[in-house]
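Trainee: I would like to learn how to read aromatic pairs in a model. Please take me through a case.

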Amino acid sequence: MHLPRKYLALFLALPLLLLPFLLSAFLVGELYYRWLGPDQIPPFSPCLGFDEKLRQRYRPNCSFSAVSAQGEVTYSYNEDGLRDRPRSFFRKGALVALGDSVTEGLFLSEEQTVPRMIERAVGATTLNAGIRFTSPSLHILSFESLIQTHYPVKGVIWLLNESDV
């Protein structure tokens, strides 16, 4: 197959055109990392643990604080390792918000998380079942093995972002 010259030139020039954008994204990330410092960015929480079935989850009843661009944020996990209130709070049932760091509320206070916004918008108790660095397959495992067995579920809201699709 033979490419016309104009397409060949575009194919060869494309990496050169993208290079400034990639370089600037790298520099912004590097400056952000250096500005906050590696100990101030909480992607790997001291509460993060390993579970044979779920692979990754948070240690029960664990909490820690970290500084983000918005100030100090406290991350508290209940007896099931979910960033939410104790299991007894959900005795009458709840909507379940499944997802990753967006759902969990990375860099956000508890009141700023998506599950709390859903709660305020629809007036229904909402369980935050978001765990950062997880995929849709782990969301399903989490729902089947942990949430469905310990919480009365009224409905599920599954929050997916572009990296999950």
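Predicted model: local features only at pLDDT ≥ 70, side-chain atom pairs only at ≥ 80, totals over all residues.

Trainee: How is a pair of aromatic rings described?

Mentor: A pair of aromatic rings is described by the distance of the centres and the angle of the planes. This structure holds 4 aromatic pairs. In one of them, Phe64 and Tyr75 lie 4.9 Å apart, centre to centre, with 15° between the planes, and the pair is stacked.

Trainee: Where in the chain do Phe64 and Tyr75 lie?

Mentor: Phe64 belongs to strand 3 (residues 63–68) and Tyr75 to strand 4 (residues 71–76), 11 residues apart. Phe64 is buried too, with a relative accessible area of 11%, because the cut-off for buried is under 20%.

Trainee: What sits over the ring of Tyr75?

Mentor: The charged end of Arg132, 5.1 Å from the centre of the Tyr75 ring.

Trainee: Why is the pair of Phe90 and Tyr151 edge-to-face?

Mentor: The planes of Phe90 and Tyr151 stand at 75°, and over 60 degrees counts as edge-to-face. The ring centres of this pair are 5.7 Å apart. Phe90 is in the loop between strand 4 and strand 5 (94–99), while Tyr151 is in the loop between helix 4 (136–150) and strand 7 (153–158), so the pair ties together parts 61 residues apart in sequence.

Trainee: Are Phe90 and Tyr151 buried or exposed?

Mentor: Both Phe90 and Tyr151 are buried.

Trainee: Which residues form one aromatic cluster?

Mentor: Phe89, Phe90 and Tyr151 do.

Definitions and conventions. Residues numbered from 1 in each chain as written. Heavy atoms only, no water. Phe/Tyr/Trp six-rings, centres within 6.5 Å; stacked < 30°, edge-to-face > 60°. Helix = DSSP H or I, 4+ residues; strand = E, 2+ residues; numbered from the N terminus. Buried < 20%, exposed > 50% of the residue type's maximum accessible area, 1.4 Å probe, protein only. Lys NZ or Arg CZ within 6 Å of the ring centre and 35° of its normal.
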